[in-house]
Amino acid sequence: MITFKRILCPTDLTSESDEALRYGVALATAYRAKLFLLYCKEPDVNGSQNGDETDRAHESALFTASLAPHLGLATFSELDWEGLVVEESEGAGKTIVREAAKHEVDLIVIRSRRRPRTAALLGSTAEIIARTASCPVLVIHPREREWVSMSSGQIALERVLVAHDFSSDSALGLKYGLALAQEYQSELHLLHVLPPEEPQDPQAAWTDLGRESAYANVAWKLQEATPSEASLWCDLVNAVAVGKPHEQILSYAKEHEIDLICMGASGAGSIFGDLFGSNVDRVLRNAPCPVFIARPLTPAFTQAVIQPQHAKDERLAT
């Protein structure tokens, strides 16, 4: 079973960006993880000395004020957290990815502001993080379906969608999707998207001698992708669509009121194209719900994160 032990939430200490903290706090509480709040500040061009006791006290007060509205039923004494302040010397995205690696984070939770035109040209901070982080990334957006209560902070994850193309990337996405569905007794939807016309390349053919059609073969492969015991703790729904991957994923998520889209991506070698960003970025920009990008953990993280049950470590509260 997959669990999270160290979660990073970037924030600019505004109410808008702090919306991600509700998810970060909820997951940190559920998994008994340590929560890092990261504030990337502008470089000090005057060269003045920072980091004295007054500055640290002020920064701590700002972090506390940001966290307070998102604690739900939890208390500060029950939450293991730490505030981090770093200078943004190489852009917010790269800084966040660097700090996540430095603190051996196994999940980044970030809010995207949905600026599709700007992102299409330059790449948003969320997209940069999603394509370069050394751990999974959960991206939330404004005006979307939510599964963390604003009042109690409780998690109500009812329907998880995994976009599956039978690659190693999507296998990783399924691994996380299965773990989340098991943890919260959710419906698990597996969706495979066929191109409008069946390819002629033998390496990409879906049919075989024992199958009547590509649909039947894909449906069978989706069923085989999940362990047989999964049906004991969640409802499984397998679906096959035809068209452009990002359009079909978004359409399915809206039609079935999906709470979380889970996509595996390492940057290449899947239906999402040679250039990471073709479909993953489009889903990130337009998803009607949060999106979980399952990225491979660095080897140092692997043994610490994949465990048979929640971590039981006791840590001192900040």
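This is a predicted model: local features need pLDDT of at least 70, side-chain atom pairs count only at pLDDT 80 or more; totals for chains, interfaces and linings use all residues.
Colleague: What makes β3 and β8 edge strands?

Modeller: The ten strands form an open sheet in the order β3-β2-β1-β4-β5-β10-β9-β6-β7-β8, with mixed pairing. β3 (81–87) and β8 (236–242) each pair on one side only, and that makes them the edges. On average, neighbouring strands of the sheet are turned by 20 degrees against each other, direction ignored.

Colleague: How do you know that β6 and β9 count as paired?

Modeller: Two strands pair if there are at least two bridges between them. Strand β6 (residues 159–163) and strand β9 (residues 260–264) have four, so they qualify. They run in the parallel sense, and Ala 163 stands opposite Met 263 in β9.

Colleague: Which strands does helix α8 touch?

Modeller: Helix α8 (residues 245–255) packs on the sheet and touches β6, β7, β8 and β9. Its direction makes about 150 degrees with that of β7. Helix α7 (residues 214–225) lies across β7 (187–194) and β8, and runs at about 145 degrees to β8.

Colleague: Why are α1 and α6 called roughly perpendicular?

Modeller: Two packed helices are described by the angle and the distance between their axes. For helix α1 (residues 19–31) and helix α6 (residues 168–184), the axes cross at roughly 75 degrees and come within 13 Å. The label covers 65 to 115 degrees, and α1 and α6 are therefore roughly perpendicular to each other. Leu 27, Ala 30 and Tyr 31 of α1 make the contact with Leu 180, Glu 183 and Tyr 184 of α6.

Colleague: And α5, which of its residues are buried?

Modeller: In helix α5 (residues 125–132), the buried ones are Ala 126, Glu 127, Ile 129 and Ala 130.

Colleague: What puts them on the same side of α5?

Modeller: The arc they cover around the axis is only 160 degrees, which is why they lie on the same side of α5.

Note on methods:
Residues are numbered from 1 along each chain as its sequence is written. Side-chain values use heavy atoms; hydrogens and water are left out. Buried means under 20% relative accessible area, exposed over 50%, partly exposed in between (1.4 Å probe, protein chains only). Helices (H or I, at least four residues) and strands (E, at least two) are DSSP runs, numbered from the N terminus. The arc is that of the directions from the helix axis to the C-beta atoms. Axes are lines fitted to C-alpha atoms, for helices over the stretch in contact, and angles run from 0 to 180 degrees between N-to-C directions. Contact means heavy atoms within 4.5 Å. Angles under 35 degrees count as roughly parallel, over 145 as roughly antiparallel, 65 to 115 as roughly perpendicular and the rest as oblique.
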